[in-house]
Amino acid sequence: MQSPPSSSLPSSSTASSASSSSSQRGGVNIPSIRAPSRPHPEQAAGPSRAGWQTAREANDDEDDDSDSSGSEDGSRRPPSSVFSRSTTSGSATSYSFAATDAEGSDAEVFSAGSLSPVPSQYSLTESLRVASKHVEYGREINSYSDVYRLPADTDEISRLDKQHVMFKDVMGDYSSHVKQILQRSNSQQDGEEQIAVLDVGCGSGAWIVDVAREYPNTSCVAVDLVPMPAENVPPNCRYEVDDVNLGLDHYENQFDVVHCRLISSGIRDYYVVIRDAAACLRAGGAADFMEFDFRLYSRQHVAIPTTQKEIWGDTIPPPDFPTAGFLNLPPRTTRSSRSGIVRPTSSPYICRWFAALGQATRKRGGHADAAALLHSWVSGNPDYEDVQYREFWLPYGPWMRGRPEYMALSQYDRFCTIGDLMREDIYEFIRSGRPLLLSAGFPEHIVNKLEAEANREVGEARIPLFFRIQNVYARKKA
Ligand SMILES: C[S@@+](CC[C@H](N)C(=O)[O-])C[C@H]1O[C@@H](n2cnc3c(N)ncnc32)[C@H](O)[C@@H]1O
């Protein structure tokens, strides 16, 4: 599927050059709360005053159906975008298949007959498949990682499949580096090394199965904490069950593409994954990382701050609960651009729910702050070159529907459709986040309240907010 031409999608992000600091990028840098296992070339600037201003705007919009709010001086700003992508070049702008074994049992044979560069061969009986998950808070969760606590059941697989289709529609099928390498597989000569692709944290397998089908001469490997669902897997694809926090040493120098998408909540130290991905790549290979940052952003693409108090209310968080990611904000106020009335401001519940999810991720040991640091980490790694940065702004729901300033845009219908799809995704994701929130130690009454109010806001889809998805891709130096 073709990506939309970027010229038709209003874009507001600024990409910094590969050698410049991440603070030059649009948006807000998030302080990292993790002690790196080795020096990280990261910037840790705090959220800016601009974040406040936009928070006011977002809340202003909530009580102002005409959405005439915007700048501090009350003037109307043009919509920055509904969803957008921006790229700046050279810069920052297994199951291989289900099979029966020789005895005719229903064991799945990983790698058998696979063209994978990895010589391992495992078999997975149904009992092992079952043992890879257990039920927590009503959902099936992987049994191997203490960190990753989002479900691994059929509902989540279905959500990931649908999300993948939507991402392809908005972002295009592959980043340019990856596509170039995959296309080489179509014209390879006998004796040339086969193009090998690794998907780290494959989830439903939607991405790697697409690669395997669209490029049948490639050899594809998927890794996850649980077995990939065993339907329709092409013969040039296989999976391995593994925790990538334990390292990727066994894949050293074996792949031409390494792909990591939305895995940060299960990763203890994303900087190490970036380093390990480089080690897995052959010279000239491409690494592709894509993450989001557990925040929502205003129409002007400024992060909406959420306070600890807005999430926890009068409940005192346990002493071991991480406070990173929260700001020590004085009381905020909003001046309505219509009436001029000043009122206390609080952040939307959907922002609180995501901030709580980020807090729960940190509590479990996941790297919730990786998205904002991807670019500086990859740029600072001497193994990579030609580092590219893209960001995508996706509405959490169809809040632009019926708003005159958006109706004039040529892609208005498409924006609304993406908003509809995102709303369905977020409804499901709010359900998926429950085991993570509860297992991290959030009291049930807080989780219930956040869920109910966030669902209400998602249903109403009145507040103009975006998710920011950051994508960094690069080549391994020859
Ligand atoms: C939100 S899903 C995203 C799936 C897929 N990458 C996609 O974009 O559709 C995150 C996936 O990463 C996997 N994952 C998280 N942490 C992992 C780890 N430490 N090792 C292996 N897989 C991991 C999870 O099991 C889950 O399937």
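**Close-ups around helix α8**

**View 1. Helix α8 against helix α12.** Helix α8 (residues 349-364) packs on helix α12 (residues 444-460) at about 130°, with the axes 8 Å apart. This is a predicted model, where local features need pLDDT of at least 70 and side-chain atom pairs pLDDT 80 or more, while totals for chains, interfaces and linings use all residues. Residues are numbered from 1 along each chain as its sequence is written. The angle makes α8 oblique to α12 (under 35 degrees is roughly parallel, over 145 roughly antiparallel, 65 to 115 roughly perpendicular, and the rest oblique). On the α8 side, the contact uses Tyr-349, Ile-350, Arg-352, Trp-353 and Ala-356; α12 brings Leu-450, Glu-451, Glu-453, Ala-454, Glu-457 and Val-458 (contact means C-beta atoms, placed from the backbone, within 7 Å). That's seven nonpolar, no polar and four charged residues.

**View 2. Helix α8 against helix α11.** Here the axes of α8 and α11 come within 9 Å and cross at roughly 45°, so α8 is oblique to α11 as well. From α8 come Trp-353, Ala-356, Leu-357, Ala-360, Thr-361, Lys-363 and Arg-364, and they meet Ile-430, Gly-433, Leu-436, Leu-437 and Ala-440 of α11. By class, the tally is eight nonpolar, two polar and two charged.

**View 3. Ile-350 and its contacts.** Skip the neighbours within four places in sequence, and Ile-350 touches Leu-296, Tyr-396, Ala-454, Glu-457, Val-458 and Leu-465. Ile-350 is also among the residues with the most contacts inside the largest nonpolar core, a set of 118 residues (buried Ala, Val, Leu, Ile, Met, Phe, Trp, Tyr and Cys joined through C-beta atoms within 7 Å; buried means 20 or more other C-beta atoms within 10 Å of a residue's own). Helix α11 (residues 412-440) gives the most to this core, 11 residues.

Technical notes:
Axes are lines fitted to C-alpha atoms, for helices over the stretch in contact, and angles run from 0 to 180 degrees between N-to-C directions. Helices (H or I, at least four residues) and strands (E, at least two) are DSSP runs, numbered from the N terminus. Two residues are in contact if their C-beta atoms, placed from the backbone, lie within 7 Å. Ala, Val, Leu, Ile, Met, Phe, Trp, Tyr, Cys and Pro count as nonpolar, Asp, Glu, Lys and Arg as charged, and the others, Gly among them, as polar. A residue is buried if 20 or more other C-beta atoms lie within 10 Å of its own, exposed if 12 or fewer, and partly exposed in between; C-beta atoms are placed from the backbone.
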